[in-house]
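Hi everyone, thanks for coming. Please have a look at the structure on the screen, and then we'll walk through a few spots together.

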Amino acid sequence: MDYSSRRWKKKREHILRLDHYQCQISKRYGKLVPAVVVHHIYPAEEYPEYEWEDWNLISVSKAVHNQLENRQTGELTEDGVRLQRETRPGEDWRERKWKT
């Protein structure tokens with residue numbers, strides 16, 4: 001995935017705007033934290049068919065992104081896998097309540 005492409009930059013801005021520039025994971029716990037990263041719930045490298053889907057993208061803070069994904073290997077952490085399990089492909093998670 002080319003994160004420097006014009007297409008990605010437009011998609012990233014769309015998702016941040018959709019999520020009101022707030023970290024959606026922090027929001028689940030009652031905290032308002034600015035989002036600066038758009039995270040693929042199902043990694044684009046493993047699930048290229050989902051890489052552009054709004055339901056697969058979530059706005060998060062940099063700290064939360066580091067909790068969801070190992071920045072050295074790119075692999076999902078335990079928290080990232082948990083988020084993936086809570087997200088059904090094709091279902092817009094923005095329309096339902098998260099389990100905490």
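Let's start with a term: buried means under 20% relative accessible area, exposed means over 50%, and partly exposed is in between, with a 1.4 Å probe and protein chains only. What you see is a predicted model, where local features need pLDDT of at least 70, side-chain atom pairs count only at pLDDT 80 or more, and totals for chains, interfaces and linings use all residues. Residues are numbered from 1 along each chain as its sequence is written, and side-chain values use heavy atoms, leaving out hydrogens and water.

First stop, the backbone. Most residues other than glycine have a negative phi. H20, though not a glycine, has a positive phi of about 55°, and Y21 also has a positive phi, near 55°. Where is H20? It lies in the loop between helix 1 (6-18) and helix 2 (24-28); helices here are DSSP runs of H or I, at least four residues, numbered from the N terminus. Y21 lies in the loop between helix 1 and helix 2 too. H20 is exposed at 57% relative accessible area, while Y21 is partly exposed at 36%.

Now the rings. Phe, Tyr and Trp rings (for Trp, the six-membered one) pair if their centres lie within 6.5 Å; planes under 30 degrees apart are stacked, over 60 edge-to-face, and the rest tilted. That gives 7 aromatic pairs. One of them is Y42 with Y47, edge-to-face, 5.0 Å centre to centre and 85° between the planes. Y42 is buried at 10%, whereas Y47 is partly exposed at 25%. Y42, Y47, Y50 and W55 form one aromatic cluster.

Technical notes: Helices (H or I, at least four residues) and strands (E, at least two) are DSSP runs, numbered from the N terminus.
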